[in-house]
Amino acid sequence: MSNWYSESSPLERRTFWASFGGWALDALDVQMFGLAIPALIAAFGISKADAGLLGSVTLFFGAFGGWLGGALGDRFGRVKALQITVATFALATFASAFAMSYTQLLVLKAIQGLGFGAEWACGAVLMAEIIRPEHRGKALGTVQSAWAVGWGAAVLLSALVFTYAPADIAWRILFAIGLLPALLIIFIRRGLKEPPRAVAKDAEMPFLATLSGIFHRDVLRSTLVGGLFGIGAHGGYAALTTFLPTYLREVRHLSVLGSSGYLAVIIVAFFCGCVASGIISDRIGRRANVALFASACIATVLVYIFAPLTNGEMLVLSFPLGFFSAGIPASMAALFSELYPAGVRGTGVGFCYNFGRVVSAAFPFLVGFLGDRIGLGPAIGIDAAFAYALVLIAVLLLPETRGKVFEQAVATRA
């Protein structure tokens with residue numbers, strides 16, 4: 001990180017920290033919910049399925065939020081859209097602390113999802129347009145690693161709050177802390193500069209035309225292949241992370257790996273995988289980097305599931321498993337941004353990333369379905385390997401875009 005960061009201008013650094021902070025706080029808010037589920041079940045007397053629906057509704061509306069947020073950035077400006085989206089998910093998380101019923105919480109989680117999905121799209125494109133092309137992959141890969149920082153902070157905060165406060169109050173305290181991202185708006189307002197839109201007529205384009213612009217014949221191939229890429233990337237990660245803890249506990253009888261120690265291995269591996277993917281992406285190109293990480297994911301998953309490993313060997317192999325699976329999403333922001341022209345760049349990035357997130361919800365279901373018939377281990381291995389194979393197919397259909405110079409990049413950086 002040090003070389004590209006030291007060469008960056010003050011504006012590039014401010015944009016990096018705003019995007020890094022936004023994504024970390026985004027992760028903090030989302031991961032706090034998962035850690036508070038047992039308390040929510042007790043507080044509202046709901047089933048596990050009801051609790052699962054709270055998470056699903058966040059992801060579902062997050063997909064629409066990404067598409068809408070990207071279009072807002074294309075239509076009204078990246079910085080303004082980023083402030084709106086950060087405020088949306090921060091206020092929704094804070095308001096969740098005061099929910100008096102399951103229905104109220106469900107509505108607030110949907111609003112949080114809109115802001116959560118939109119924030120990534122706005123921040124990713126803003127970074128892609130501000131950072132110079134030769135460092136774009138490294139900078140955006142490092143921003144993606146912020147998810148691990150927010151995830152780790154959520155684990156620590158949750159442990160602290162639930163240790164010193166009764167469970168029926170602790171979850172409300174935890175959600176109230178979710179207001180913290182709102183402070184980031186002050187930094188964004190004072191520290192960031194709006195990239196000038198290269199094509200002035202885009203400002204006059206109707207909002208619905210901006211939304212549908214990614215299906216124009218000039219960029220339709222990028223939208224379809226990018227969507228396939230997103231399905232594979234999110235699907236592989238979902239197939240692994242949803243049932244892997246269950247597999248380790250119930251099939252391998254490794255209950256200790258379901259604790260915070262296991263989470264720590266995954267979180268550290270995720271951080272390292274994101275940073276490494278960004279560096280390699282700028283060195284060997286977007287397509288070769290994705291092909292490398294996707295192939296490594298397939299090989300690692302198959303060895304992890306089917307090889308006769310000891311429990312200790314599986315714990316060690318958990319690190320490369322998390323490392324390689326993180327490298328693929330870390331490459332998406334730079335690659336997707338370089339596929340689209342300025343007028344629909346945000347819309348395209350938001351759609352490709354989040355369309356995959358919605359469809360990938362089917363992969364955990366397929367793991368469960370196959371697991372009842374052929375066993376959980378083989379189901380995870382086949383499902384994840386299939387998803388990462390989709391990534392390989394998609395990247396072969398995309399052009400190499402490393403070092404692409406955007407229309408307004410030079411003027412903005414100066």
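The residues lining the largest cavity comprise five nonpolar, three polar and one charged. In this predicted model, that cavity has a volume of about 80 Å³, and the structure holds three cavities of 30 Å³ or more. The lining of the largest cavity is formed by Ser19, Trp23, Glu119, Trp120, Gly123, Ala124, Leu140, Val143 and Gln144. At least two of the lining residues are supplied by each of helices H2 (10–44), H5 (102–130) and H6 (136–144). Helix H5 provides the largest share, four residues.

Trp120, one of the lining residues of the largest cavity, also belongs to the largest nonpolar core, which has 79 residues. Within this core, Trp120, Trp147, Phe229, Ile328 and Phe336 touch the most other members. When neighbours within four places in sequence are set aside, Trp120 is in contact with Trp23, Gln144, Ala333, Val349 and Tyr353. Of these contacts, Trp23 and Gln144 are also listed in the lining of the largest cavity. A second, separate core contains 21 residues, among them Met32, Ala51, Ala97 and Leu174.

Zero disulfides were found in a search of the whole structure. Cys272 takes part in no disulfide, and the nearest cysteine sulfur, that of Cys274, lies 9.4 Å away. Cys272 counts as partly exposed because its relative accessibility is 30%. For Cys297, the closest cysteine sulfur is also in Cys274, at 12 Å, which is too far for a bond. Cys297 has a relative accessibility of 3% and therefore counts as buried, the cut-off for burial being under 20%.

How values were computed: Residues are numbered from 1 along each chain as its sequence is written. This is a predicted model: local features need pLDDT of at least 70, side-chain atom pairs count only at pLDDT 80 or more; totals for chains, interfaces and linings use all residues. Side-chain values use heavy atoms; hydrogens and water are left out. On a 1 Å grid over the protein atoms alone, a cavity is a set of points where a 1.4 Å probe fits but cannot get out, and a pocket is an open set with protein on both sides within 12 Å along at least five of seven lines; lining residues have an atom within 4 Å of a point. Grid points are joined across faces, edges and corners, and a volume is the space filled by probe spheres set on the points. Ala, Val, Leu, Ile, Met, Phe, Trp, Tyr, Cys and Pro count as nonpolar, Asp, Glu, Lys and Arg as charged, and the others, Gly among them, as polar. A nonpolar core is a set of buried Ala, Val, Leu, Ile, Met, Phe, Trp, Tyr and Cys residues joined through side-chain atoms within 4.5 Å. Buried means under 20% relative accessible area, exposed over 50%, partly exposed in between (1.4 Å probe, protein chains only). Contact means heavy atoms within 4.5 Å. A disulfide is a pair of cysteine sulfur atoms within 2.5 Å.
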